[in-house]
Amino acid sequence: MPGGDQEPGRYYVGVDVGTGSVRAALVDQRGILLAFADQPINKWEPQFNHHEQSSEDIWAACCVVTKKVVQGINSNQIRGLGFDATCSLVVLDKQFRPLPVNHEGDSHRNIIMWLDHRAVSQVHRINKTQHSVLQYVGGVMSVEMQAPKLLWLKESLRETCWDKAGHFFDLPDFLSWKATGVTARSLCSLVCKWTYSAEKGWDDSFWKMIGLEDLVADNYSKIGNQVLPPGASLGNGLTPEAAKDLGLPAGIAVAASLIDAHAGGLGVIGTDVRGHGLACEGQPVTSRLAVICGTSSCHMGISKDPIFVPGVWGPYFSAMVPGFWLNEGGQSVTGKLIDHMVQGHAAFPELQAKATARCQSVYAYLNSHLDLIKKAQPVGFLTVDLHVWPDFHGNRSPLADLTLKGMVTGLKLSQDLDDLAILYLATVQAIAFGTRLIIEAMEAAGHSISTLFLCGGLSKNPLFVQMHADITGMPVVLSQEVESVLVGAAILGACASGDFTSVQEGMACWRPLAVFSVASYNQVMISGNTYSELPKSAPCVGPM
């Protein structure tokens, strides 16, 4: 902690709400994770491309995990609480009660999830306006952002939802409100998903142009008129009611929140790499790209000056690291795509049985199976005849085309375990090629990236990590603390408590150590070509 003279036994709680679960961690004053808990959360898909959750269900899961991680801890030593979450849309009425975001009228399901693609017509119309705010989202707004979802609610659920709505929250901001009763929004969520400008605020003309002029009323009270930087302390801290729910002491500091990927970037991008001989050692943090890879993948690069990258979100000022501009590339489905490909294969039941017999996950088993069948050649050669185009849920970056679909070419009539393993490998390679394409777009626009820093669930998969090194031609760094997202959330709580004066100070004091780096082969065979022979301008998102 600052000055090295802080009292012992200070703790912070970080809560991370992902797509399928809520996770919490207890972190000490050295930035070391001491306790961890997770709890699944419900998801509904009432029709294709409609994905919904419940804010009540998510809050209940937050309460379960926080109570678990603070068991046995003196409550007087808990200093702060920080939240991060997916950028999903939470809808409440004027009395803060849930409203339905579905045709069934089920108010329990009051969240439109981040990956929901129901608002295709709305986002096309928004993009046709060519409004100036679009230059800060890569030139094209994504269907996964909040403006098209809000327009869909107005046009599709006018009476049951829109006319009754009093508050539209990004999920991270809903959580901080639930904890404190303060409706202030985080600069992170509003800048990244709602077209808010850190410098200029809301643009009235945009909302009027797209048909949502009613949101301008009452100084944007429904979507946020008090905006705070991530880590800022909210109100009087944790309310007595929320404290009872969470098992935490009333009045502890609660921080303005972050989107989950941004918390991961905050937790990993400052990793201490000294002694590993990496190109980024001694170089500015702007040479690092944080890749937060789970259900989807987000590629977070920062710069001192704004860089406009076609098809890549941003530049966003101070949205992740204060004082830096952020560009955010992304792939809408990565972990979800791997699950989809593996679980849908005819050999999946056999895979499950064999993995269970070895007490392994299916992916650990597949990785070992690939080692068995690769023979004398590098594992990358196994996909010389099989190729995946990974845009099964559209392309977020850098093509920014939600209409794109996935493709597999090179299939045979056989459907045995070898075929499943090779299809799994081709899918992982395709995702790595997507990362490479995003990096090339960012570098063409002015970024200078030398090293990848991975965190999230997929970063625990050695094959996923190695393919990213091989296909991007860059070393990949994993930090000593694998739960980087939760550390990022805990940094927010420490800032809110006053134990850190800034997010940057928190990053510097809690710098995780690099414990694993992978030097790329640079000679990986993909369809008969080495990496170095592949044209830099190739519009390739999979090993084609």
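1. A salt bridge here means a side-chain nitrogen of Lys or Arg within 4 Å of a carboxyl oxygen of Asp or Glu. Arg23 forms a salt bridge with Glu483, and their closest N and O atoms are 2.3 Å apart.

2. Before going on, a word on the model and its conventions. This is a predicted model, in which local features need pLDDT of at least 70 and side-chain atom pairs count only at pLDDT 80 or more, while totals for chains, interfaces and linings use all residues. Residues are numbered from 1 along each chain as its sequence is written, and side-chain values use heavy atoms, with hydrogens and water left out.

3. The domain assignment gives domain 1 (11–254), domain 2 (260–331 + 436–518) and domain 3 (335–434); such bounds come from an automatic or database domain assignment. Taken over C-alpha atoms, the centres of domain 1 and domain 2 are 23 Å apart. The contact between them takes 47 residues from domain 1 and 36 residues from domain 2, contact meaning heavy atoms within 4.5 Å.

4. How much area do domain 1 and domain 2 bury between them? The figure is about 3100 Å², with 64% of it on carbon and sulfur atoms. Buried area is the accessible area (1.4 Å probe) that two parts lose on being put together, summed over both. On the side of domain 1, Tyr12, Tyr136 and Gly231 lose the most area to domain 2, together 16% of what that side buries.

5. Several elements give two or more residues to the side of domain 1 that touches domain 2, including strand 1 (11–17), strand 2 (21–28), strand 5 (78–85) and helix 5 (187–193). Helices (H or I, at least four residues) and strands (E, at least two) are DSSP runs, numbered from the N terminus. Strand 5 gives the largest share of this side, seven residues. By residue class, this side of domain 1 divides into 25 nonpolar, 13 polar and nine charged. Ala, Val, Leu, Ile, Met, Phe, Trp, Tyr, Cys and Pro count as nonpolar, Asp, Glu, Lys and Arg as charged, and the others, Gly among them, as polar.

6. Over the structure there are 23 salt bridges. One of them is formed by Arg10 and Asp499, with the closest N and O atoms 2.7 Å apart. Arg10 lies in the segment before strand 1 and Asp499 in the loop between helix 15 (484–497) and helix 16 (503–509), so the pair ties together parts that are 489 residues apart in sequence.

7. Some backbone details are worth a look. The peptide bond from Gly314 to Pro315 is cis, with omega near 5°, and Pro315 sits in strand 15 (residues 313–317). Another cis peptide bond joins Ser397 and Pro398, with omega about -5°; Pro398 belongs to the loop between strand 17 (387–389) and strand 18 (407–409). Asn219, a residue other than glycine, has a positive phi near 55° and is placed in helix 7 (residues 217–220).

8. Gln480 is in the loop between strand 20 (476–479) and helix 15. Leaving aside residues up to four places away in sequence, Gln480 touches Leu513 and Val515. Its C-alpha atom is separated by 25 Å from that of Ser448, 32 residues apart along the chain.
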